[in-house]
Amino acid sequence: MSPSAPKYGIRYKCMRLSTFTLIAGMATACSLQNNDAKPVNSGSSTEEPAASAETQGIKPKPIAVQADLESAQRLPDVPVAVLYASLSNRADAGDLEAKRQLFLVLNECRIAMQPDRPIDYSSSQVSPDLLKASGKTREQFLADQQLKSLTSTEEKLKRCEGIPRDALKETARWLKEAAEGGDTYARLAYYNYLDLVVGDQRTQEASPEKVEEFNTDSFRYLKSVADAGSADGLFSLGTAYQRGIITPKDPVRAYAYKKAAGELTPIGGNAQALDLMARSMTPSELEQANELAISLAQRSGK
C-alpha cells in the first residue's frame, strides 16, 4: 500500500483484521506496537507436529477465504445501542456470529476510548506519487491524516455512548468464546490481543502462567485454521514461527508455512520475503522447508 499507513494505523490498532495481506502485516505490527504477543524461547524441529485432539475436534467455520473474512467484519448499519442489545441477546444464547460481532463492536469502542494511545502519523512515509496526486506537502498530508483520525475517533465515541460502561469488560470474553466455538476470524485475530486477554505489561510480567496459556491457545487456534486449508492461517502461523511469537522460532517451519500460503493464494512481496529468509538458512534447512511446504500445500488443497 502506497500510503504511509492504513487510515487508522493497522485498521485502528488491530481493531479489525481485513484482507489476507493485512492479516499478515498485523502479525508483525500488532506484536511490535501493542506488545500483544510475547516472543517464545527459540527452538526448532523439522518434523511437522500433528494437530492436537482439541484442534482436530473443533474445526473452524468455513469462512477462511478473503471475501468471507471481510464480510465477517461487517456490522448491521443500525445505532450502536440497538445493535449491542441485539447482539448481546444472541451471543448469550450461543450464536457464534453474534459473539464475533459483539467483540468487534466492543473492541472498536474500547480502542476509541484509549486517549493514551493516539495514532501518530508524524514519522510515517508517504509515496511521492500520493503526494503529487494530493497536491500537498508531506507535512500537510500527514496533518490531514491525523485530523481525519481524530475526527473518526470522536464519531466513534459518540456512537459508543449507547453501550453500558461495564460492557467493555466483556470484550475479551466474546473474542475467546468466538475462537473456542471455531469462528475462523476470531481464531486468526486472537493472537494479536495479549493485552486485552491477559492485561497490560505489568500484569503480564506478574502472571507468566496466563501468558503461557494465551500463547498455547493462540497457537492452537492458528494451527486449526492452517490445518483447515486456509492461506491466511498458514501465512500467519509462518509469521509466528519467524518471529518467535506464541511459539519458539523455527526458520524451517516459518519458510514452509509462508511458501505453502503463497502456493494457495498470491501474496504481494512473498517471493522476495522468502528469498531473504532463504539466505539465512542452511542448504539442509532449505531442503527440509521446501519438502514441508509441498506437504502443507497438498494437504491444504484437498
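**View 1. Tyr190, Phe214 and Tyr221 make up one aromatic cluster.** Rings of Phe, Tyr and Trp (for Trp, its six-membered ring) pair if their centres lie within 6.5 Å; planes under 30 degrees apart count as stacked, over 60 as edge-to-face and the rest as tilted. This is a predicted model, where local features need pLDDT of at least 70, side-chain atom pairs count only at pLDDT 80 or more, and totals for chains, interfaces and linings use all residues. Residues are numbered from 1 along each chain as its sequence is written, and side-chain values use heavy atoms, leaving out hydrogens and water.

**View 2. Here's one of the five aromatic pairs in the structure.** The rings of Phe103 and Tyr193 sit with centres 5.4 Å apart and planes at 85 degrees, so this pair is edge-to-face. It ties together distant parts of the chain, 90 residues apart: Phe103 is in helix α6 (residues 96–112), Tyr193 in the loop between α10 (184–189) and α11 (194–197). Helices are DSSP runs (H or I, at least four residues), numbered from the N terminus. Phe103 is buried at 1% relative accessibility, and Tyr193 is buried at 2%. Buried means under 20% relative accessible area (1.4 Å probe, protein chains only).

View 3. Ala167 is buried, with a relative accessible area of 2%. Skip its neighbours within four places in sequence, and Ala167 is in contact with Tyr84 and Leu106 (contact means heavy atoms within 4.5 Å). Ala167 and Arg110 are 57 residues apart in sequence, yet 9.8 Å apart in space, C-alpha to C-alpha.

Methods. Buried means under 20% relative accessible area, exposed over 50%, partly exposed in between (1.4 Å probe, protein chains only). Helices (H or I, at least four residues) and strands (E, at least two) are DSSP runs, numbered from the N terminus.
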